[in-house]
Amino acid sequence: MNIQMTDLTGQYAKIQKEIDEAVLRVMRGGRYINGSEVGVFAEALQNYTGAKHVIPCANGTDALQIALMALGLKAGDEVIVPAFTYVSPAEVVGLLGLTPVLVDVDPDSFNVTAANIERGISAQTKAIIVVHLFGQSCDMLPIMELAHKYHLMVIEDNAQSIGARYTIPPTPLYKNWSERRQTGTIAPIGCTSFFPNKNLGCFGDGGAMMTNDDVLADKLKKIANHGQTEKYHHALLGCNSRLDTLQAAVLNVKLKYLNKYIAARQKAAKIYKDGLRGVEGIATPKEHPFSTHVYHQYTLKVGDGKRDALKQYLAEQGIPTAIYYPRPLQEQPAFKFIARTAEPLRVAKELSQSVLSLPMHTELTAEQQQFIIDKIKTFV
Ligand SMILES: Cc1ncc(COP(=O)(O)O)c(C=O)c1O
């Protein structure tokens, strides 16, 4: 049985005709930079997410960097980031001469909570980057209320959770929020990545920022384009971060299938959940009532220090797995001298030793999943 962690070519094969035509149109048209497909995609993603503005850019890391640049922070200002996630949020904070403050995460959702964040706040704190990890929203209402209380800006890193919805209880502060908002559209700026294995992935690098704020949208657009107000007039310090026309053409096709892709992931997640229910020492992902889960990853927690042995055993059976993330950020040499940590970050450390992500993609078959479930049970 040929089981893959992700199956990008299998997914492509199903929509090959549409993709090939879209890509060929770009190649024949010659507008390889800023072709019409880019604007079409921005508008389609606005419609999909409900964001007023979508600003495409070169990748998800750039999206976070540009978002931070738009906040006008100064060297030494602190930005709170989760200790247990991909490196990008902390990395861009450090690159801009700001101080990443690493905070712990919730052991069930793997996400930061308002309580984790509050422990990291100091007089220098100016912003928070929350990450909706593995496909599920952080509990955003308490986080937005905390940000309001301490006058902090919030950026959502939605690279892994595009299409997830957060259910917002009505409160006086957010009475204008619709009942369920897509992740990435709750805070003033949301960022995402179209890295190929993402739930909405292109055939290379790609990213986007989202905002409902006209002034921020204008600034983000300018920063992504060398800070230009018009050609050769640079009002702001910016960077060169564009979504290629070819990638936009791919995304225009794939966005139409995103809900179907999410449904396929959710169906696969249910099979894993049912199959692994009650298996000793294996904790399946907890779904929180305030969020839908779009299952970018299906991440188990393996107890009793058996994670690495299970990974090895599954590999011997031809089942690939992955560890997201094997080393929390407080243990990464790159952050040793620039990050501040607010507390021991025990959960981040524990998760790095116990998490194991199973194959999760749109092409998984029930038969493959049963094989994986049976092998896990045999191991246990
Ligand atoms: C949570 C998170 N943030 C940011 C990124 C960065 O995106 P990119 O690889 O497009 O720069 C990724 C993934 O790659 C991610 O998973």
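Predicted model: local features only at pLDDT ≥ 70, side-chain atom pairs only at ≥ 80, totals over all residues.
Residues are numbered from 1 along each chain as its sequence is written, and side-chain values use heavy atoms, with hydrogens and water left out.

Let me start with the whole chain. It has 13 helices and 15 strands, where helices (H or I, at least four residues) and strands (E, at least two) are DSSP runs, numbered from the N terminus. The radius of gyration is 21 Å, close to the 21 Å that the globule rule gives for 380 residues, so the chain is as compact as a globular protein of that length; the radius is taken over C-alpha atoms, and the rule is 2.2 Å times the number of residues to the power 0.38. Along the principal axes, the C-alpha atoms fill a box of roughly 65 × 55 × 40 Å.

How much of the chain is buried? Of the 380 residues, 54% count as buried, a word that means under 20% relative accessible area, with exposed meaning over 50% and partly exposed in between (1.4 Å probe, protein chains only). The chain exposes about 16,500 Å², and carbon and sulfur atoms supply 52% of that area; such areas come from the Shrake-Rupley method with a 1.4 Å probe, and for residues only the protein chains shown count as cover. If we take the contacts (heavy atoms within 4.5 Å) with a separation of 6 or more, residues 24 or more positions apart account for 75% of them.

Now to the interior. In soluble globular proteins, nonpolar side chains tend to be buried together. Here the largest nonpolar core has 89 residues, and Phe-84 and Met-140 have the most contacts inside it; by a core I mean a set of buried Ala, Val, Leu, Ile, Met, Phe, Trp, Tyr and Cys residues joined through side-chain atoms within 4.5 Å. A second, separate core of 31 residues includes Phe-194, Leu-200, Leu-251 and Val-253. Leaving aside neighbours within four places in sequence, Phe-84 is in contact with residues including Phe-110, Phe-134, Tyr-325 and Val-355.

Some of those names return around Thr-299, which is found in strand E13 (residues 298-302). Not counting residues up to four places away in sequence, Thr-299 touches Phe-110, Phe-134 and Val-355, among others. Thr-299 is buried, with a relative accessible area of 1%, and a polar contact of 2.8 Å joins its side chain to that of Ser-357. A polar contact is a pair of N or O atoms within 3.5 Å; within protein, one must be able to donate a hydrogen and the other to accept it, and residues adjacent in sequence count only if both atoms are side-chain atoms.

Let us turn to helix H4, residues 60-70, where nine of the 11 residues are buried. What caps its N-terminal end? Asn-59 does, with a side-chain oxygen 3.0 Å from the backbone nitrogen of Thr-61. Just after H4, Gly-72 takes a positive phi of about 65°.

14 residues surround the ligand, and the closest are Gly-60, Thr-61, Asp-157, Gln-160 and Ser-193, counting a residue as near if one of its heavy atoms lies within 4 Å. An oxygen atom of the ligand is 2.7 Å from a polar backbone atom of Gly-60, one is 2.8 Å from an N or O atom in the side chain of Gln-160, and one is 3.5 Å from such an atom in the side chain of Asn-59. Taken alone, the ligand exposes 380 Å², and the protein buries 93% of that.

I will end with some backbone details. Most residues other than glycine have a negative phi, and most peptide bonds are trans. Which residues are joined by a cis peptide bond? They are Tyr-324 and Tyr-325, with omega at about 10°. Asn-34 has a positive phi near 55° and, at 44% relative accessibility, counts as partly exposed. Tyr-295 has a positive phi near 45°, but Tyr-295 is buried, with a relative accessible area of 3%.
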